[in-house]
Amino acid sequence: MPTDELKALIEVHVTAYAAFGKAIHEMDGSSRDHDRASREEQRALLAICAYPAVSGGDRLAKARYLLEIEARGELDLPEHIRALLRSTIFEG
């Protein structure tokens, strides 16, 4: 079972992704609205990538969620990969 912290990060991303989709589909939205929504969605996704999933429940939840994102072709920035790799380094 994932921690509340990871659940919250995923929920923030789900919300940001929905807001980004809405900004894209709204005809009256400005490009500034689209850019802001895009940045918020990317920040939320990077937070998940960077999250140090230590417990088995967190690792499984993080992997499953990010595989869904990757299947949509949206886990493609170098920052995503760097954050994922850094999150696997245990410094304790």
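Which residues have the most contacts inside the largest nonpolar core?

**View 1. Overall fold of the predicted protein chain.** This is a predicted model, in which local features need pLDDT of at least 70 and side-chain atom pairs count only at pLDDT 80 or more, while totals for chains, interfaces and linings use all residues. Residues are numbered from 1 along each chain as its sequence is written, and side-chain values use heavy atoms, with hydrogens and water left out. The protein chain has four helices and zero strands, where helices are DSSP runs of H or I with at least four residues and strands are runs of E with at least two. The C-alpha trace spans about 50 × 25 × 25 Å along its principal axes.

**View 2. The largest nonpolar core.** Leu45, Cys49, Leu66 and Leu75 have the most contacts inside this core, which has 13 residues; such a core is a set of buried Ala, Val, Leu, Ile, Met, Phe, Trp, Tyr and Cys residues joined through side-chain atoms within 4.5 Å, buried being under 20% relative accessible area with a 1.4 Å probe, protein chains only. The elements that give two or more residues to this core are α1 (4-25), α2 (31-50) and α3 (56-71), and α3 gives the most, with four residues. Of the 92 residues of the protein chain, 27% count as buried.

**View 3. Surroundings of Leu66.** Leaving aside residues up to four places away in sequence, Leu66 touches Leu45, Ile48, Cys49, Leu75 and Leu84, a contact being heavy atoms within 4.5 Å. Across the protein chain, 65% of the contacts between residues at least 6 apart in sequence join residues at least 24 apart.

How values were computed:
Buried means under 20% relative accessible area, exposed over 50%, partly exposed in between (1.4 Å probe, protein chains only).
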